[in-house]
Amino acid sequence: MARIDLVDLAHSYGGNDAPEESFALKPVTMTWRRGGAYALLGPSGCGKTTLLNLISGIVTPSRGKILFDDIDVTTQTTQKRNIAQVFQFPVIYDTMTVGQNLAFPLKNRRMARAEIDKRVAEIANLLDLTPYLSRKAQRLTADAKQKISLGRGLVRSDVAAVLFDEPLTVIDPELKWQLRSKLKALHRDLDLTMIYVTHDQTEALTFADTVVVMHDGRVVQSGTPAELFDKPAHTFVGYFIGSPGMNIVPAQVKGREARIDGHTIALNRNYDRLPAGAKIEVGVRPEFVEIASPAAGLLTANIERIDDLGRVRFARVRVGDVKFAAKVPNGFSVPGHQAGLVFDPSRVHVYADSVLVEGTA
Amino acid sequence: MDKVINQKAWFLVLPVFLVVAFSAILPLMTVVNYSMQDTFGNNQFFWNGVGWFKELLDPTSDLGSRFLASLWRNLFFSAVILAIEVPLGIVVALSMPRQGWTVAVCLVTLALPLLIPWNVVGTIWQIFGRPDIGLLGYVLNHMGFDYNYVSNDFDAWATVIVMDVWHWTSLVALLCYAGLKSIPEAYYQAAQIDGASRWAVFTAIQLPKMKRVLLIAVLLRFMDSFMIYTEPFVVTGGGPGNSTTFISIELVKIALGQFDLGKAAALSLVYNLIIIIVCWLFYTVMTNAGVERQPAKGAK
């Protein structure tokens, strides 16, 4: 187990001379706590897997440094770094039994026989693989195979970190849930640093205590699930996390007021010093906009449809050209085609060129 | 619903049936016919029943001893070239580049020997090995080795084996290379993570994944080497003495040299039978290897 520091780390598959805009991973400096459960969240192609492979040493970075407990490992091979990684598709050694598969990483490191047996039994027990230990791994189902891959990642107790690269892609939804809870439990039991790559927000939010959101090769925000929900640092985080995503609307912001489609809404903080020439947007989660009967002083919207998600209803509305999602209060019957929008001023954020602007009190 | 019985399909099969009849069944039956008779020319035939087969399988007779000796030579030859070509092909495949322009260079270079006609290969080596004008023979003799494939049994065998290795290792290498290319990158990455040594990567990942192409390579090489005729015929002509006379060479000698059509027909039928049996054995082994895989695939 180790603390992992990334210092100005960047990677380009096109070589170091490529323009920085084309980098798969743009320069990032951040710290991964010892024993933390992290999720690396972002859409396909945002650089998550690149970042993971840089940490594990499968890929050598174009720029920057990686430190494990203050020791520079940037040029070290994967073997030397002592890290475990589980891949998207199950990797099993066909000719070996399940037990031999689990023992493989330990055997390669010349651990004592008795020690290996003990460790393998322990991990097999945690993953419910004990009945299969002496069976050939090749004939098992995809679920079981991926469990073996997970097992091989967890079997070494001394690893700096365990990295998961979308490990549950091939697993049935029901088992997915079970395995994820199992991983979370394993994290508590084994006290390992875990980094979990996924493009599924539910998966990220349920597994991790810190979620790192990536977009277009950049780390745009890193925080607890609550922080990502309450205060997205980037418009991308706003609409990528949450269902439906955050409403992002072009607006003119001055002082404590924002003008949307000719209508003024109040803000909780003062935004006097916005960067000049930047694209200004206002972001508010659908949970914090309610529809009401049209009234003077409310932003008027045209209702397009109502999505009933069971416990909560969202109205899809349109203000001028801008689409909006807004919560329908319980017991509120929707009045005709038009409705007024009620904003919660403390939940309305201002973004300049997609980045959150902290107002002054 | 009434089932309409339609016999038109027979007409569609008929052309194939005719082609197969003229190309395979009739010649084969002619051989079966010959194998039961003896001839002294002039198209005069005498009935001999299973006499030739009895003689063929009796090691004390002339025909039987010749057959047995050449059969052992064939089996020995196949065993030796398999023992060399399969490991060598694997090593070549493993050391080939995986990407870049060098891949094309390697592939073309490897394919070259495969494109050369058998008798040309034989002629190349026949001249290459000559002590007077051949590069190989000349150099070896000047280095102090008494190398002469025309007079020395061991030299003749060595030449024929090295020639076959030169000609056919590429095939094994190309098949193995295809097998290696189909292994997903994640396996190598996982092996790195698991701290596997180069040898462990080979035994745990590469060899198991190459198993199927290797079976095909072994099958093809066994079949081809068991039927070998042209190259040794051109290089050594079966000599010195009978030391490199394989079954096919013996067969041509009996049929066309001595014009003993009956003996030759019996020999070729037994030869054919051996090949069919070996084919069947390989086929069974291969399909069984496939059956083992089936449940895992179905489970996905």
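Predicted model: local features only at pLDDT ≥ 70, side-chain atom pairs only at ≥ 80, totals over all residues.

Analyst: **Strand pairing in chain A and its setting**

Val213(A) has Gln221(A), a residue of β10(A), as its bridge partner.

β9(A) and β10(A) together make a hairpin, with two residues between the strands. Asp216(A) lies in that turn and has a positive phi of about 55°.

β9(A) also pairs with strand β3 of chain A. Four bridges connect β3, residues 37-41, to β9, residues 210-215, and these two strands run parallel. One residue pair from this link can be named: Ala39(A) has Val211(A) in β9(A) as its bridge partner.

A second example of pairing in chain A is an open sheet of four strands. Its order is β11-β14-β20-β21, and the pairing is antiparallel. Why is one side of β11(A) and of β21(A) left without a neighbour in the sheet? Both strands, β11 (247-250) and β21 (355-357), stand at the edges and have a single partner strand each, so one side of each has no neighbour there. From one strand to the next, the twist averages 40°. Within this sheet, strand β14 (residues 280-284) and strand β20 (residues 349-352) of chain A run antiparallel and are joined by four bridges.

The secondary structure of chain A amounts to nine helices and 21 strands. Its C-alpha trace spans about 80 × 50 × 35 Å along the principal axes. Chain A has 361 residues, of which 42% count as buried. Among contacts in chain A with a separation of 6 or more, 66% are between residues 24 or more positions apart.

Chain A is divided into domain 1, covering 4-240, and domain 2, covering 247-357. The centres of the two domains, taken over C-alpha atoms, are separated by 38 Å. Eight residues of domain 1 of chain A meet eight residues of domain 2 of chain A in the contact between them. On the side of domain 1 of chain A that touches domain 2, there are four nonpolar residues, three polar and one charged.

Chain A also touches chain B. This contact takes 23 residues from chain A and 18 residues from chain B. On the chain B side, α8 (185-193), α9 (198-226) and α12 (261-299) each contribute at least two residues. The largest share, six residues, is that of α8(B). The residues of chain B that touch chain A comprise twelve nonpolar, four polar and two charged.

Within chain B, α9(B) also packs against another helix. α3(B), residues 62-95, lies against α9(B) at an angle of about 145°, with the axes 9 Å apart. The crossing of α3(B) past α9(B) is right-handed. On α3(B) the contact residues include Phe77(B), Ile81(B) and Leu82(B), and on α9(B) they include Leu214(B), Val218(B) and Phe222(B). The residues of this helix contact divide into nine nonpolar, four polar and two charged.

Chain B, too, is assigned two domains: domain 1 spans 8-49 and domain 2 spans 62-299. Their C-alpha centres lie 33 Å apart. Eight residues from domain 1 of chain B and six residues from domain 2 of chain B make the contact between them. On the domain 1 side, α1 (8-35) and β1 (37-39) of chain B each supply at least two residues. α1(B) gives the most to this side, with four residues. By type, the domain 1 side of this contact has three nonpolar residues, four polar and one charged.

Key. Residues numbered from 1 in each chain as written. Chains lettered and ligands numbered in written order. Domains from an automatic or database assignment. Contact = placed C-beta atoms within 7 Å. Nonpolar A, V, L, I, M, F, W, Y, C, P; charged D, E, K, R; others polar. Pairing = 2+ DSSP bridges. Axes fitted to C-alpha atoms, helices over the stretch in contact; angles between N-to-C directions. Left-handed = near helix turned anticlockwise from the far one by under 90°. Buried ≥ 20, exposed ≤ 12 C-beta atoms within 10 Å, placed from the backbone.
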